[in-house]
Amino acid sequence: MSENPAPHHDDDVHSAALLSGRQPALTGCPWHDVNEMLQSAGLRPTRQRMALGWLLFGKGARHLTAEMLYEEATLAKVPVSLATVYNTLNQLTDAGLLRQVSVDGTKTYFDTNVTTHHHYYLENSHELVDIEDPHLALSKMPEVPEGYEIARIDMVVRLRKKR
């Protein structure tokens, strides 16, 4: 067990549980919880997925790029390639355990908080931060073309230090 607090998983794993029909039995032990999250999402808990999941979910809600997770894995002596990190992050996103947030179309962050929320992007530090206002809403939506529906709205508010 880790001294790091367990992340808030009630809402975070809800979509994964819906996909598999099984609610994970979370205990607060990151290693056990990652195993449960993977299985509830229909993913086999391989050594690499378990290790990367422990790094991702064992520290609470976070925003990481693939490169950031790869660096953490390297420092933790987890033997994975950058391609494996990308593949795992995409699999976890497809399973509903992560949320992908693109900034400028060039930088992609993976968010462990999959609940509906928006973000600030701090340009000076290249950091993504949750906007904590649950009442934030767009006042008018454009007409959606026929045959399409809105899958999700991602608002990223870019901030920079005043000059």
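Glu-72 and Arg-62 are both buried, a label used here for residues with under 20% relative accessible area, while exposed means over 50% and partly exposed is in between (1.4 Å probe, protein chains only). Keep in mind that this is a predicted model, where local features need pLDDT of at least 70, side-chain atom pairs count only at pLDDT 80 or more, and totals for chains, interfaces and linings use all residues. Residues are numbered from 1 along each chain as its sequence is written, and side-chain values use heavy atoms, with hydrogens and water left out.

Glu-72 belongs to helix α4 (residues 66-75) and Arg-62 to the loop between α3 (47-57) and β1, so their bridge ties together parts 10 residues apart in sequence. Lys-59 joins in too: Lys-59, Arg-62 and Glu-72 are linked in a network of salt bridges.

| Pair | Closest N and O atoms |
|---|---|
| Arg-99 and Asp-154 | 2.6 Å |
| Asp-154 and Arg-152 | 2.6 Å |

Which parts of the chain does the pair Arg-99 and Asp-154 link? Arg-99 is in strand β2 and Asp-154 in the loop between β5 and β6, distant parts of the chain, 55 residues apart. Arg-99 counts as buried because its relative accessibility is 4%. Asp-154, at 37%, is partly exposed, and Arg-152 counts as partly exposed with 43%.

**The whole chain**

Now for the wider view. The protein chain has five helices and six strands, taken as DSSP runs (helices are H or I with at least four residues, strands are E with at least two) and numbered from the N terminus. Reading from the N terminus, the order is α-α-α-β-α-α-β-β-β-β-β. Of the 163 residues, 38% are buried. The accessible surface is about 10400 Å², and carbon and sulfur atoms account for 52% of it; such areas come from the Shrake-Rupley method with a 1.4 Å probe, and for residues only the protein chains shown count as cover.

**A three-stranded sheet**

Three strands make an open sheet in the order β1-β3-β2, with antiparallel pairing. Strands pair if DSSP finds at least two bridges between them, and two bridges join β1 to antiparallel β3 (residues 107-111). One of the residues involved is His-63, whose bridge partner in β3 is Asp-111.

**A nonpolar patch**

On the surface, Leu-138, Met-141, Val-144, Tyr-148, Ile-150 and Ile-153 form a nonpolar patch, together giving about 540 Å² of accessible area. Patch residues have over 30% relative accessible area and no salt bridge; like charges are joined within 9 Å, and nonpolar side chains (Val, Leu, Ile, Met, Phe, Trp, Tyr) within 5 Å. Ile-150 sits in the loop between β5 (127-131) and β6 (156-159), and Ile-150 is partly exposed, with a relative accessible area of 42%.

Conventions:
A salt bridge is a side-chain nitrogen of Lys or Arg within 4 Å of a carboxyl oxygen of Asp or Glu.
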